[in-house]
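Here is a short report on a protein model. Look over the sequence and the coordinates before reading on.

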Amino acid sequence: MNTLRRVPGKGLLLTRLIAVSTLGTMLTACAPTYDNVADQMLVATQTQADDGLLKLENLGNQIDGLKKSSSASDHKILTDDEAQASYASNIDFYSKLQSSMTALDARMTSNPDLSTQKITPSLKALEDNIDSVRQTHATQNTVSPDFAKLSRQQMDQQFKALTVYELTIKNGNKPQ
Amino acid sequence: MAMNWTQVGKDIEAAVISVLKGSWSTVSTAAGPQIHAMISIGQSIEQSNSQGRLTSLEYNTLKSMQKNALEGILNAYEAVGIVVAEQAADAAWNVLSQALIKGAGIAFA
C-alpha cells in the first residue's frame, strides 16, 4: 500500500499492461466466427445475380432466333422480348443486386476478427464487375446472350471464392 | 492458328506461381481450380468474340472483369497480400494476352 501511495501511477500501469496483454491474446487466438446470416446472404445474392443474368441470356437467345423469322406473331413476341431485355426494364434488377452486395459487404466484413478485413478487396472486385455489366447494358440498351452468360460465369467464380471462405470458417478453420 | 489452351493454362499457372512463390503452396488447393476456371472463361470470351457474338464494348468489359475477378479471387486468401494478388493477376493476364497475340493475331490490350 505504501509503495502504491508513493508511486500513484504504478497500479494504473499494471492494470493497463494486463488489459493490453489480454487484448493481444484475444486478437491473436481467435479465428473468425462462422456467421450463418452472412452465409445465407451470400447464397441469396448469388442466386439473385444468376437469375437476372440467366433471364437476359435466355431473352437474348430467343431474340436472336426470332429475328430470323418473318411471321407476324413472332414479330410481336420479338418486340416484347426486346422490351424486356432493355436496360430500362432491368434497372430494378441491377439496383436490387447492388443493394444486396452492399448489405453482404457490410455483414461479411463486420466480424471483429481482423482477418475478415482481408475479403474486402474480393467483395469490391465483385461489386465493380456488377457495375461494369450494368454500365455496358446501359450504354448499349441491350446485351448479347454470350455477354450475359460469360458475365454470370465470371461472377459465379467470384461468389465461389467467397463461399470457400465462408465454408472454411464453418468447418472451424482459419481461412488460408 | 489453333490455340494450345492446355499450354496457355500451364504458362499462366507458372506465371502466377512465380509471383506468389511460397504462398502458392498454401493457396493452391483452393485457388488452383478457380484459376483454371478463370482461364477456361477467358477461352470462352475469345471464342465468342472470334465468332462475332460480342460487341467490342462487351469484349473489353469482359476482359477487364476477368482480370478484376482473378485479382479478387486471389485476394480472398489471407496468405496472399493485396499488392501480390494484383501482380499475380497482371502476370496471368500478360501470358494470356501474349498467347492471343501470337496465336490468333488479335490486338489485345
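Which residues of α3(A) are buried? The list is A38(A), M41(A), L42(A), T45(A), Q46(A), A49(A), G52(A), L53(A), L56(A), E57(A), L59(A) and G60(A). The model is predicted.

## Overall make-up of chain A

Chain A has seven helices and zero strands. From the N terminus on, the order of elements is α-α-α-α-α-α-α. Chain A has 176 residues, and 28% of them count as buried.

Contacts in chain A reach across the sequence. Take those between residues at least 6 apart: 75% of them join residues at least 24 apart.

## Helix α3(A)

Helix α3 of chain A covers residues 36-66. Its 31 residues, at 1.5 Å a residue, should span 45 Å, and the end C-alpha atoms are 45 Å apart, so the two values agree.

## Helix pairs

Two packed helices are described by the angle between their axes and the distance between the axes. For α3(A) and α7(A), the angle is about 170 degrees and the axes are 8 Å apart. An angle over 145 degrees counts as roughly antiparallel, so α3(A) and α7(A) are roughly antiparallel to each other. The crossing of α3(A) past α7(A) is left-handed. By class, this contact has eleven nonpolar, five polar and seven charged residues.

The pair α5(A) and α6(A) also packs at about 170 degrees, with axes 10 Å apart. These helices are therefore roughly antiparallel too. On the α5(A) side, the contact is made by Y87(A), N90(A), Y94(A), L97(A), Q98(A), M101(A), D105(A) and M108(A). On the α6(A) side, the residues are L123(A), L126(A), E127(A), I130(A), R134(A), H137(A) and A138(A). By class, the contact of α5(A) with α6(A) has nine nonpolar, three polar and three charged residues.

## Loop residues

Where is Y34(A) found? Y34(A) is in the loop between α2 (9-29) and α3 of chain A. There are 15 other C-beta atoms within 10 Å, so Y34(A) is partly exposed. Beyond neighbours within four places in sequence, Y34(A) is in contact with I169(A) and K170(A). A88(A) is 54 residues from Y34(A) along the chain, and their C-alpha atoms are separated by 39 Å.

N141(A) is in the loop between α6 and α7 of chain A. N141(A) is not a glycine, although its phi is positive, at about 70 degrees. With 11 other C-beta atoms within 10 Å, N141(A) is exposed.

Chain B has a residue with positive phi as well: K21(B), at about 50 degrees, and not a glycine. K21(B) is in the loop between α1 (5-20) and α2 (23-50) of chain B. K21(B) is exposed because 9 other C-beta atoms lie within 10 Å.

## Where the chains meet

Methods
Residues numbered from 1 in each chain as written. Chains lettered and ligands numbered in written order. Predicted model: local features only at pLDDT ≥ 70, side-chain atom pairs only at ≥ 80, totals over all residues. Helix = DSSP H or I, 4+ residues; strand = E, 2+ residues; numbered from the N terminus. Expected span 1.5 Å × (residues − 1). Buried ≥ 20, exposed ≤ 12 C-beta atoms within 10 Å, placed from the backbone. Contact = placed C-beta atoms within 7 Å. Axes fitted to C-alpha atoms, helices over the stretch in contact; angles between N-to-C directions. Parallel < 35°, antiparallel > 145°, perpendicular 65-115°, else oblique. Left-handed = near helix turned anticlockwise from the far one by under 90°. Nonpolar A, V, L, I, M, F, W, Y, C, P; charged D, E, K, R; others polar.
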